[in-house]
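Hi,

Here is the structure I said I would pass on.

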Amino acid sequence: MYVIVVGSGKVGLNLSRELIDKGHEVTLLESDRRRYLVVEEELEHAVQYGDATELWVLERAGIQRADLVVAVTGDDEDNMLVCQVAKEKYLCERVIARVNNPRNLQHFKLLGIQPVVSATDLILRLIEHEVPRYGLVHLLALEEERLEIIELEVQEGAPAASHRVADVALPHGSLIISVLRDGRGFVPTADTVVEAGDQVLLVLDSGLEEMITPVFAPN
Amino acid sequence: MFVLIVGAGRVGSAVAKRALAAGHEVSVLDEDPLSHERLVEVEGQTWEDAGGLFTVGTALEVDALIEAGVQRADVFIASTDGDNTNLTVSQIVQRRFGVEKVLCRVMDPARAAWYSEQGLRTISPTQHAIEMFNQALATEQ
């Protein structure tokens, strides 16, 4: 696979290193002369000096044949525009963008750039996972496919507690895919009884959460 | 007309003053409070006394755009010193707030050309300079 990585900060450099180790062809682009000289000592011809928001820099890096463009600079506007141009002008099928400020997520979406990776957001989710506030954790959102995977704690006295999976009244478009109990997880059958204190993972159509939460919480 | 201008540098402030003098409602958004100084003295009055609006904030902050009046803007002008800021905020304003006339300053002629093919009205001072130099050269010969 040929990958263009934009931005040779900690993320970009380490990512490039890993990709090269895995046998991929990588070009790393860096617009800061001093940083470029540092990185060039290690990566040699795999790093190029230039501002990747300029079209000729991307073209020199071979954007026309890139399988993937990853924009991980510390500047959200740069990441957005690099990905937009890669997708829309050079028809690169896959892009990945880093979001530095989670407030800018909405702008990435508006410009049709995904997937995006936000370290702040990921850490927040991990915190939610460790300390679930409302008993509900978003594990994964497949936005294109309009599917979500969520984790819920089954509370004492909830409608689902002490019921067989087959008897839990879930809305159409949702499914219990896993039960975590005593530190272990398993895939339930229709006959598995859901207990209070279990964590259940559900896959569901986007927007169904509000109908699902009451099933696992007491009235 | 309500004109919202982001970036009160030489270009932005000059366009803002001209538009206000021409009788338009004009709102200026800039992240630097000191940029307000470029807006003083519109026909002997301060910017505010002459009816101008000024908001301190960053272009990408939706709240700042709303405070500056993006929702009722007829014309939006992106004239910060950063091409990437201008291109991003112009597209946000066009797509999210549906502002009809969006004008975007882009120094880089190559991207100014491509984005204008995509339906953004770009103005490239660099491209103008290139053309004027070429013309001047041609007439010298």
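This is a predicted model: local features need pLDDT of at least 70, side-chain atom pairs count only at pLDDT 80 or more; totals for chains, interfaces and linings use all residues.

**Chain A as a whole**

Chain A has 7 helices and 13 strands. Its radius of gyration is 22 Å, while the globule rule gives 17 Å for 219 residues, so chain A is more spread out than a compact globule. Of the 219 residues in chain A, 33% are buried. If you take the contacts in chain A between residues at least 6 apart in sequence, 55% of them join residues at least 24 apart.

**The parallel sheet**

Try to find the open sheet of 6 strands in chain A, which are ordered E3-E2-E1-E4-E5-E6 and paired in parallel. Which strands stand at its edges? They are E3 (47-49) and E6 (116-117) of chain A; each has a single partner strand, so one side of each is left without a neighbour in the sheet. At the E6 end, strand E5 (residues 94-98) of chain A runs parallel to E6(A), and 2 bridges join them. In one of the pairings, A:Ala97 has A:Val116 in E6(A) as its bridge partner. A helix packs on this sheet too: H2 (residues 33-43) of chain A touches strand E2 (25-30) and E3 of chain A, and its direction makes about 155° with that of E3(A).

**The antiparallel sheet**

The other sheet to look for in chain A is also open, with 5 strands in the order E7-E8-E13-E10-E11, and here the pairing is antiparallel. Its edges are strand E7 (136-142) and strand E11 (184-186) of chain A, and because each has a single partner strand, one side of each has no neighbour in the sheet. On average, and ignoring direction, neighbouring strands of this sheet are turned by 20° against each other.

Inside the sheet, strand E8 (residues 147-153) and strand E13 (residues 199-205) of chain A run antiparallel and are joined by 7 bridges. For example, A:Leu147 is bridged to A:Asp205 in E13(A). Helix H7 (residues 209-216) of chain A packs on this sheet, where it touches E7, E8, strand E10 (174-181) and E13 of chain A. The direction of H7 makes about 20° with that of E8(A).

**Where the chains touch**

How many residues does each chain bring to the contact? There are 13 from chain A and 13 from chain B. On the chain A side, helix H3 (55-60), helix H4 (76-88) and helix H5 (105-110) each supply at least two residues. The largest share, 4 residues, comes from H4(A). Sorted by class, the side of chain A that touches chain B has 6 nonpolar, 3 polar and 4 charged residues.

**A helix in chain B**

Last stop: helix H1 (residues 10-21) of chain B. This helix has 12 residues and spans 17 Å from its first C-alpha to its last, close to the 16 Å expected at 1.5 Å a residue. Its buried residues are B:Gly12, B:Ser13, B:Val15, B:Ala16, B:Lys17 and B:Leu20. Strand E1 (2-6), strand E2 (25-30) and strand E4 (75-78) of chain B are among what covers them. After H1(B) comes B:Gly23, with a positive phi near 100°.

Cheers

How values were computed
Residues are numbered from 1 along each chain as its sequence is written. Chains are lettered from A and ligands numbered from 1 in the order in which they are written. Two strands pair if DSSP finds at least two bridges between them. Axes are lines fitted to C-alpha atoms, for helices over the stretch in contact, and angles run from 0 to 180 degrees between N-to-C directions. Two residues are in contact if their C-beta atoms, placed from the backbone, lie within 7 Å. The radius of gyration is taken over C-alpha atoms; the globule rule is 2.2 Å times the number of residues to the power 0.38. A residue is buried if 20 or more other C-beta atoms lie within 10 Å of its own, exposed if 12 or fewer, and partly exposed in between; C-beta atoms are placed from the backbone. Ala, Val, Leu, Ile, Met, Phe, Trp, Tyr, Cys and Pro count as nonpolar, Asp, Glu, Lys and Arg as charged, and the others, Gly among them, as polar. The expected span of a helix is 1.5 Å times one less than its number of residues.
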